[in-house]
Each structure stands twice: as C-alpha cells, then as structure tokens.
Amino acid sequence: AKRAMREKFSRYLARPTDLHELLAHLLRGMISSQVEYQTKIVGHFEAQDVEISQADFEHQAEEHDVYDLQDFYRSKLFTQNFVLDRRKRTIVGKFGAAGKETQPTP
C-alpha cells in the first residue's frame with residue numbers, strides 16, 4: 001500500500017533537488033536585494049562579493065518550511081555560487097568580473 005501511494009503521489013513529493021532549487025532562488029533574491037540597496041546608496045554597484053546574514057537566510061528558509069540546510073550547504077548548487085563563512089555566520093555570493101553571480105555549469 002505504501003509503495004502504491006508513493007507512486008500515485010510521487011509528482012507531489014518534494015525531492016532534495018527541488019528544495020535546493022528553492023533555497024538557491026531565495027538566496028539569489030536576497031543577494032539581488034542587497035545589490036539593489038547598495039546601488040541606491042552608492043549610485044552604482046562594483047563587481048564584488050555580497051554578504052548575506054546566514055541567520056536571515058535560514059529565517060527565509062523556515063518561512064518555506066525548510067529547517068535543515070546542511071545538505072544544501074554541501075550541494076553543488078550552493079558551492080558553485082556561494083560560500084558559507086561559518087565563523088562570521090554569513091553567506092557570500094560569488095560574482096564574476098561582469099558583476100553578475102556565476103551560474104552553475106550543467
């Protein structure tokens with residue numbers, strides 16, 4: 001019965017990659033907001049890394065009912081685009097020379 005239910009509802013069950021995509025989307029949105037803020041304050045944005053509070057990100061994830069982020073922090077999607085600084089409790093968005101976040105390679 002369990003197997004039949006799983007097969008019937010498999011398209012509705014969240015897979016880890018779905019959660020990672022959601023979390024990466026949230027994080028990109030927070031970084032974009034930070035870039036917008038810096039652009040408004042300074043008048044332009046220099047290509048540099050952008051720091052986001054780890055606590056703020058984790059709060060955003062909790063609002064989407066995601067509480068355990070350790071797999072995401074170790075995922076390829078995260079490590080290709082972001083750096084977790086556990087000492088400072090920040091997440092750093094990696095930016096390329098053009099000032100845009102690097103995109104994951106397929």
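Biologist: How many bridges join strand β2 to β3?

Modeller: This is a predicted model, in which local features need pLDDT of at least 70, side-chain atom pairs count only at pLDDT 80 or more, and totals for chains, interfaces and linings use all residues. Residues are numbered from 1 along each chain as its sequence is written, and side-chain values use heavy atoms, with hydrogens and water left out. Strands (E, at least two residues) and helices (H or I, at least four) are DSSP runs, numbered from the N terminus. Strand β2 covers residues 82-85 and runs antiparallel to β3, and the bridges joining them number four.

Biologist: What is the bridge partner of Phe-82 in β3?

Modeller: Two strands pair if DSSP finds at least two bridges between them. For Phe-82, the partner in β3 is Gly-93.

Biologist: What is the order of the strands in the open sheet?

Modeller: Strand β1 (residues 50-53) also pairs with β3 in the antiparallel sense, over four bridges; there, Ser-53 stands opposite Thr-90. The open sheet has three strands with antiparallel pairing, in the order β1-β3-β2. The strands that pair on one side only, and so form the edges, are β1 and β2.

Biologist: Are the residues on the two faces of strand β3 buried or exposed?

Modeller: In a regular strand the side chains alternate between the two faces of the sheet. Buried means under 20% relative accessible area, exposed over 50%, and partly exposed in between (1.4 Å probe, protein chains only). In β3 (residues 90-93), Thr-90 and Val-92 lie on one side and Ile-91 and Gly-93 on the other, and all of them are buried.

Biologist: Why does Gln-54 count as buried?

Modeller: Gln-54 belongs to helix α3 (residues 54-63). Leaving aside neighbours within four places in sequence, Gln-54 is in contact (heavy atoms within 4.5 Å) with Tyr-73, Leu-84, Arg-89, Thr-90 and Ile-91. Gln-54 counts as buried because its relative accessibility is 4%.

Biologist: Why does Arg-89 count as partly exposed?

Modeller: Arg-89 is placed in the loop between β2 and β3, a hairpin with four residues between the strands. Its phi is near 55 degrees, a positive value in a residue other than glycine. Arg-89 counts as partly exposed because its relative accessibility is 42%.
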